[in-house]
Amino acid sequence: MTRKTPSKLLLSLSLLACFSTCTCHSSANDDKGAGIKGLFIFGSSLVDNGNNNFLQDSLAKADYLPYGIDFPLGPTGRFTNGKNVIDLLGDHLKLPSLIPAFADPSTKGSKIVHGVNYASGASGILDDTGLIAGHVISLSQQIRNFEKVTLPDLEAQLECRSRVVLPKYLFVVGTGGNDYSFNYFLGKSDSNVSLQAFTANLTASLSQQLMKLFNFGARRFVLMSVNPLGCSPTVMLNQQISRNGCVQGLNRAAHLFNTHLKSLVDVLKSEMPGSTSVYVNSYKIIRDIIRNPISKGFKDASRSCCEVASMNEGGNGILCKRGGQACAERSSHVFFDGLHPTEAVNAQIASKAYESNLKTEVYPTNIKNLVNSYVF
């Protein structure tokens with residue numbers, strides 16, 4: 001066995017180092033200097049774009065009319081009449097295409113280079129959340145799908161180590177509401193656990209999942225708040241409401257989680273060196289619309305736009321009736337079905353998330369600044 005000369009040894013070490021920093025395919029560098037290459041999305045139905053379509057025994061599906069009535073491709077599994085927040089955020093970021101759903105068998109190869117959506121309607125942070133809706137993809141499984149399936153494919157496509165390329169992507173996480181609606185308040189968790197203890201555990205679990213993404217190479221995060229759970233048409237129809245038209249018990253739970261989530265932004269900055277997170281307060285954005293709908297361009301802030309199938313009709317009191325009617329003035333409604341906002345509301349959330357200067361809406365800054373301030 002021949003010994004390497006010092007010069008050859010240095011060359012070998014240089015080549016080894018270069019593999020992790022300078023062998024990226026041109027497609028990984030074609031947007032060098034640009035703020036963002038794509039999005040990886042994790043969460044529930046508010047950001048799901050069709051993953052549940054591919055789950056045979058899931059009851060949480062939106063792959064039929066009137067869902068998608070205003071979407072160019074028709075019903076795709078988005079839980080709204082048109083675009084969801086992720087689609088609209090992609091427009092603001094000028095991404096070249098819609099982000100594909102992970103569960104779609106065609107989501108592979110060149111289709112993943114601008115990101116993948118892993119979100120699953122009715123899912124939550126906790127693994128047992130959403131079981132009432134049949135098969136859902138929990139947050140932990142979504143992240144495993146990212147790690148085991150997407151990452152190797154992405155590295156192959158870009159000929160680049162994930163730790164080098166992932167900082168070019170935004171990681172959007174929108175989950176937590178179902179852990180209250182379809183878990184805690186249904187008595188699925190230990191009934192002796194206080195709301196404060198449940199929320200602290202929920203936030204700690206989310207933090208652990210974010211740390212996994214950080215360890216893979218993620219550096220920029222967008223954390224979506226939980227919406228005002230007590231203001232949805234389904235809740236207001238079935239429970240006694242307070243003077244201001246919402247169920248305060250549910251809203252208090254959402255507000256408590258959101259307070260923890262906002263605080264997590266500051267905690268993560270020290271626990272995940274080199275990372276930056278933005279908290280988007282969609283709770284406040286929607287609550288402001290509900291309090292003063294006319295001033296925000298809306299007429300109806302309490303009723304669903306579509307016909308919602310009741311339990312007696314074989315529905316769940318939340319989702320639109322399959323093939324049912326939808327209101328004519330969809331842009332003036334806050335809610336499309338019994339829970340999910342219309343595209344018009346999603347547009348306001350996405351716009352404020354991208355460029356609002358109010359720290360009560362985005363903290364500590366907006367997504368535009370997050371994208372433009374990151375230097376490669």
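**Strands, sulfurs and rings: how do we know?**

Visitor: Let's start with a strand. Which residue is the bridge partner of L39 in strand 2?
Guide: In strand 2, L39 has G115 as its bridge partner. By the way, you're looking at a predicted model, where local features need pLDDT of at least 70 and side-chain atom pairs count only at pLDDT 80 or more, while totals for chains, interfaces and linings use all residues. Residues are numbered from 1 along each chain as its sequence is written, and side-chain values use heavy atoms, with hydrogens and water left out.

Visitor: What makes strand 1 and strand 2 a pair?
Guide: Strands pair if DSSP finds at least two bridges between them. Strand 1 (residues 38-43) and strand 2 are joined by three bridges, so they pass the test. These two strands run parallel.

Visitor: How do strands hold on to each other in general?
Guide: Strands of a sheet pair through backbone hydrogen bonds, either parallel or antiparallel.

Visitor: What is the order of the six strands in the open sheet?
Guide: The order is 2-1-3-4-5-8, with mixed pairing. Strand 2 (115-117) and strand 8 (362-363) are the edge strands, each pairing on one side only.

Visitor: Which strands does helix 7 touch?
Guide: Helix 7 (residues 195-216) packs on the sheet and touches strand 1, strand 3 (169-174) and strand 4 (220-224). Its direction makes about 155 degrees with that of strand 4; such angles run from 0 to 180 degrees between N-to-C directions, with axes fitted to C-alpha atoms (for helices, over the stretch in contact).

Visitor: Why is the link between C231 and C246 called a disulfide?
Guide: The rule asks for a pair of cysteine sulfur atoms within 2.5 Å. A search of the whole structure finds three disulfides.

Visitor: Why is the disulfide of C231 and C246 right-handed?
Guide: Because the torsion about its S-S bond is about 110 degrees. The pair links distant parts of the chain, 15 residues apart: C231 sits in the loop between strand 4 and helix 8 (233-238), and C246 in the loop between helix 8 and helix 9 (248-271).

Visitor: How do you know whether C231 is buried or exposed?
Guide: Buried means under 20% relative accessible area, exposed means over 50%, and partly exposed lies in between (1.4 Å probe, protein chains only). C231 has 1% relative accessibility, so it counts as buried. C246, at 1%, counts as buried too.

Visitor: What is the handedness of the disulfide of C305 and C327?
Guide: The torsion about the S-S bond of C305 and C327 is about -105 degrees, so this one is left-handed. Both C305 and C327 are buried.

Visitor: What about the disulfide of C306 and C320?
Guide: With a torsion of about -95 degrees, the disulfide of C306 and C320 is left-handed. C306 and C320 both lie in the loop between strand 6 and strand 7, 14 residues apart.

Visitor: Where does helix 4 bend, and how is that worked out?
Guide: The bend at a residue is the angle between axes fitted to the seven residues ending there and the seven starting there. For helix 4 (residues 139-158) that comes to about 40 degrees at T150. A proline, P152, follows within four residues.

Visitor: How many aromatic pairs are there?
Guide: The count is 19. Rings of Phe, Tyr and Trp (its six-membered ring) pair if their centres lie within 6.5 Å; planes under 30 degrees apart are stacked, over 60 edge-to-face, and the rest tilted.

Visitor: Why is the pair of Y184 and F198 called tilted?
Guide: The planes are at 40 degrees, with ring centres 4.8 Å apart, so the pair is tilted.

Visitor: Which residues is V226 in contact with?
Guide: Contact means heavy atoms within 4.5 Å. Leaving aside neighbours within four places in sequence, V226 is in contact with T175, G176, G177, A254, F257, N258 and Y283. V226 counts as buried at 4% relative accessibility.
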